[in-house]
Amino acid sequence: SPDPRPLFLIGTPYDRQPHAAGNGQMVAFLASTREAVRQAVAWGLEHRDLSGVTALGVDEVYFGAKAKFQTLVYQLCSAKTRLLFVAEGRKEKALSGILKEQGDDWCANVTHVCSDMWRAYLKCVARLLPNAMHILDRFHIESKLNEAVDKVRRAEARELAGKGLVV
């Protein structure tokens, strides 16, 4: 008979660096039935301790056309990054629902948040995590910087080509 224990899988980050929030860390488990998944989630929620959480990571994951996006909130302030919350969608109400459910006192203890530059997350963090320094994910900063440099490079190449100079 098949082994009833869940199988945990950890994928390689996109940038091939050590696992860290923001570089494509992927963790999954395969369970034999939906009931096994429900039991694992119920046990995890029942035993989850949110005390001492002061740093959060926020990101969205695309699950395909049917499921669309999910907002994920991670704990970043311990030796291990761990998933704390998942909400449907990536609009501001997804993250605000998670944070409001935790209450003002819990939110006031959050001192750092790392996310991408998604406007919904920027607004929500500014409004609901008043004591948190908002740190933007380096991947997205590098991406925006590269876009800006490329835009300038293309404009200068066009200008030089217009003057008959070969680039």
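This is a predicted model: local features need pLDDT of at least 70, side-chain atom pairs count only at pLDDT 80 or more; totals for chains, interfaces and linings use all residues.

Trainee: Why is H2 called roughly parallel to H4?

Mentor: The axes of H2 (residues 92-102) and H4 (residues 119-128) cross at roughly 30 degrees. Angles under 35 degrees count as roughly parallel, so H2 is roughly parallel to H4. Their axes come within 8 Å, and the crossing is right-handed.

Trainee: Which residues in H2 and H4 meet?

Mentor: From H2 there are Glu-92, Leu-95, Ser-96, Leu-99 and Lys-100, and they meet Ala-120, Tyr-121, Lys-123, Cys-124, Val-125, Arg-127 and Leu-128 in H4. By class, the residues of this contact are seven nonpolar, one polar and four charged.

Trainee: What makes up the lining of the second largest pocket?

Mentor: Thr-33, Arg-34, Val-37 and Arg-38 line that pocket, which has a volume of about 160 Å³.

Trainee: How do you know that its lining has two charged residues?

Mentor: Arg counts as charged and Val as nonpolar. The lining includes Arg-34 and Arg-38, and the classes come to one nonpolar, one polar and two charged residues.

Key
Residues are numbered from 1 along each chain as its sequence is written. Side-chain values use heavy atoms; hydrogens and water are left out. Axes are lines fitted to C-alpha atoms, for helices over the stretch in contact, and angles run from 0 to 180 degrees between N-to-C directions. Helices (H or I, at least four residues) and strands (E, at least two) are DSSP runs, numbered from the N terminus. Angles under 35 degrees count as roughly parallel, over 145 as roughly antiparallel, 65 to 115 as roughly perpendicular and the rest as oblique. A crossing is left-handed if the near helix is turned anticlockwise from the far one by less than a right angle, and right-handed if clockwise. Contact means heavy atoms within 4.5 Å. On a 1 Å grid over the protein atoms alone, a cavity is a set of points where a 1.4 Å probe fits but cannot get out, and a pocket is an open set with protein on both sides within 12 Å along at least five of seven lines; lining residues have an atom within 4 Å of a point. Grid points are joined across faces, edges and corners, and a volume is the space filled by probe spheres set on the points.
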